[in-house]
Amino acid sequence: MNLKDGFYLSAYLHIDPLAHMTETSVRHDQNISLWKKDGENLKLITYWELERITGKKQHDQSFYCLDHARKFINKLLADHHLSLDDIEEVWGTPGLEKQYPTVVRDEYEAFTFHCLGHLFSALLMDSRIFYQETVICLAIDAGPDFAVKNDNSRYLYCGSVSKAGKIIDMFPVASPGIIWELARNFFGLREGTLMALANASTSEIFDFNYPHLVLIYDENSSEEQVSRYFFSLVTAVNSLQEEDEGVRFSGFDKRFTKRDNRISMVMKEIQKQTNYIMQNNLDQIITRYHLEPKKVYLAMAGGSVLNCPTNSSIMRRYRFKGFLAPPCVSDTGLSLGIALYSFYHNMNHICFTLKNAYYGECDNALDEITNSEEFKPFIKKVDCVSLERVIKDLQNEPIIWFNGASEIGPRSLGNRSILGNPANSKTKVILNTIKQRQWWRPVAPIIIEEDVYEWFQDSYPTHYMLHTFRIRKSKRDLVPSILHLDDTARVQTMSRIDNPDLYEVLQEWKHQTKIPIICNTSLNDRGEPIVNTIKEALNFALRKGIHIAYINCKRVELQMHEEYAFKTPYKRREFIKAGTNDVNKYNPDNLQPEEIGLYYSSGNINRMLDLNNSIDRRTLRKIARKIRGKTNDLFASLQEELFNEENEQGSEI
């Protein structure tokens with residue numbers, strides 16, 4: 001089947017009145033992408049992440065009904081003088097699509113629709129490489145959603161090997177994501193925080209010798225195996241006392257609380273298991289298909305690929321020819337993968353390259369906003385950009401850098417950023433204070449691509465901040481604010497092609513300071529999605545006492561910060577919500593979000609039950625109660641004895 005030329009829409013959304021009214025998370029990080037097809041050529045026009053629009057971090061609220069979803073999408077399309085009536089096909093969301101790609105289940109029925117979306121987002125992000133090279137591709141995360149009813153897949157995570165544009169095999173793989181999800185839920189900390197804490201504290205357990213995990217592909221078996229491992233690990237760390245220092249563990253790092261030290265020890269072990277699981281996957285694939293890594297590209301997608309230390313460990317170990325992963329590597333990239341799969345399946349040949357990260361929304365209303373009654377009193381002056389002035393501003397204090405289209409994915413990559421001086425040891429302290437983060441949280445560096453080898457060991461280009469490198473000893477004291485406490489950094493390399501405006505700043509910074517690096521952290525407050533509009537950026541600057549914002553190549557100097565009345569992030573677009581009148585109609589048994597969430601996150605339960613059936617709803621409640629009881633029994637004592645206790649504070653230096 002060949003597709004018509006025209007516009008296409010891929011939407012990773014969810015529409016369901018029950019999930020909407022109970023605010024049950026079914027699909028998080030919801031996103032939409034608009035495409036144009038012209039013969040074999042595919043153009044990604046705009047990428048919308050709903051969290052940037054609604055302000056709800058990792059936006060996971062379902063639409064109440066199809067009409068609400070259509071109205072929301074049509075407002076977005078209106079900026080391109082389009083509506084859904086102008087779209088040839090819509091893919092990815094049951095109920096919204098014009099022709100749902102059932103071929104996904106027919107062709108690769110052993111794998112979930114969710115993991116196939118991840119797989120193809122990496123596999124086809126550069127069609128030239130796909131058609132000319134050999135590629136190993138892995139889709140790994142914590143687990144799929146089952147919003148697609150009658151998904152009969154057996155495997156939660158998948159891999160593939162392709163040669164010269166032909167997928168020669170697809171197979172199940174193991175994912176460490178399920179371990180990180182368990183740790184996140186148990187400690188109440190996001191995976192990025194846990195990963196940073198693992199590297200920050202020096203505390204390390206010596207005598208934990210649990211066997212390596214070789215995860216079974218069945219969801220229930222994997223969960224049981226991971227729970228036993230996690231219980232054993234936390235119990236071992238929990239038993240450590242001061243008198244065990246130097247024998248069973250390295251001792252408590254005095255800069256941190258005992259609780260943070262114990263979490264760090266747990267996460268160090270989990271990081272080791274993560275590396276082993278991924279190495280085991282790759283060893284099997286390389287052996288089975290007789291591959292020579294230095295001649296093979298590795299492509300990966302899924303939330304687990306945000307684990308920079310693992311990505312770097314893999315590349316050092318195997319020396320693959322190249323690494324492919326989109327900036328929207330988490331569920332934020334599923335509309336990308338769904339679209340690429342659908343185009344690939346329905347066309348003889350595709351031509352597409354994800355050229356950079358900047359496919360989000362633009363905001364070109366600076367003049368209008370700075371002259372508005374709302375912001376004019378706080379604008380001291382607006383000037384054109386001068387590279388010399390940018391450097392002077394950076395040397396004085398952190399600045400806001402807002403330019404062009406926003407990045408796609410969960411990380412700020414230079415267009416919605418706060419930039420700072422890496423040579424000033426106070427910069428990290430200032431940025432972490434501005435963003436209300438722990439003192440030990442690292443600040444990422446952007447480095448001129450051709451200089452990365454000189455500054456970091458075992459390094460290579462990494463445009464989307466997906467790898468961690470150790471700084472060379474001779475450079476360590478020159479850039480204290482971009483280093484983790486273990487002298488590594490989560491690096492973003494930048495070339496002129498990637499981002500011409502910011503690259504010029506980097507070049508001028510290097511010319512004046514001899515350092516090709518600038519501190520970069522995302523432009524957002526704690527719990528807030530990355531800033532999407534100029535009004536949100538100015539609100540942030542005024543609340544946080546930031547004096548200079550560079551917006552679309554204009555220098556905006558702010559004043560009277562203390563008179564700015566708003567103390568919270570700028571209100572974003574209102575998400576369409578239904579009234580409560582239909583609650584009894586759609587939820588007569590008063591199912592709770594955790595029960596409904598279980599239904600949508602378990603393929604076995606989803607296939608077995610129908611929420612329109614009253615008997616099935618009661619059965620779901622019994623299953624959820626049984627699972628909850630088992631989990632509570634397993635971890636309740638650990639929570640009480642250790643990880644909720646108040647420990648003495650470390651010295652925040």
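Helices here are DSSP runs of at least four residues, numbered from the N terminus, and the axis of a helix is a line fitted to its C-alpha atoms over the stretch in contact. The model under discussion is a predicted one.

Helix H5, residues 113-123, packs against helix H12, residues 334-346, at an angle of about 85 degrees, and their axes lie 7 Å apart. Because angles of 65 to 115 degrees count as roughly perpendicular, H5 is classed as roughly perpendicular to H12. On the H5 side, the contact is made by Phe113, His114, Gly117, His118, Phe120 and Ser121. H12 contributes Leu334, Leu336, Gly337, Ile338, Leu340, Tyr341 and Tyr344. Sorted by class, the residues of this contact comprise eight nonpolar and five polar, with no charged residue.

A second pair is formed by helix H7, residues 177-187, and helix H8, residues 191-200, whose axes come within 9 Å and cross at roughly 90 degrees. H7 is therefore roughly perpendicular to H8. The H7 residues in the contact are Trp180, Ala183, Arg184 and Phe187, and they meet Glu191, Leu194 and Met195 of H8. In this contact the classes are five nonpolar, no polar and two charged residues.

Attention now turns to a single position. Val266 belongs to helix H10, which spans residues 258-288. Is Val266 buried or exposed? Its relative accessible area is 0%, so Val266 is buried, the cut-off for that class being under 20%. Gly143 stands 123 residues from Val266 along the chain, and the C-alpha atoms of the two are separated by 22 Å.

The chain as a whole provides the setting for these details. It contains 22 helices and 18 strands. Its C-alpha atoms fill a box of roughly 70 × 65 × 55 Å along the principal axes. How does the radius of gyration of the chain, at 653 residues, relate to that of a compact globule? A compact globule of that length would have a radius of gyration near 26 Å, and the chain, with 25 Å, agrees with this.

Burial and contacts complete the description. Of the 653 residues, 60% count as buried. Among contacts between residues at least 6 apart in sequence, 74% join residues at least 24 apart. The chain exposes about 26,700 Å², of which carbon and sulfur atoms supply 47%.

Technical notes
Residues numbered from 1 in each chain as written. Predicted model: local features only at pLDDT ≥ 70, side-chain atom pairs only at ≥ 80, totals over all residues. Heavy atoms only, no water. Axes fitted to C-alpha atoms, helices over the stretch in contact; angles between N-to-C directions. Helix = DSSP H or I, 4+ residues; strand = E, 2+ residues; numbered from the N terminus. Parallel < 35°, antiparallel > 145°, perpendicular 65-115°, else oblique. Contact = heavy atoms within 4.5 Å. Nonpolar A, V, L, I, M, F, W, Y, C, P; charged D, E, K, R; others polar. Buried < 20%, exposed > 50% of the residue type's maximum accessible area, 1.4 Å probe, protein only. Rg over C-alpha atoms; globule rule 2.2 N^0.38 Å. Areas by Shrake-Rupley, 256 points an atom, 1.4 Å probe, with all protein chains shown as cover.
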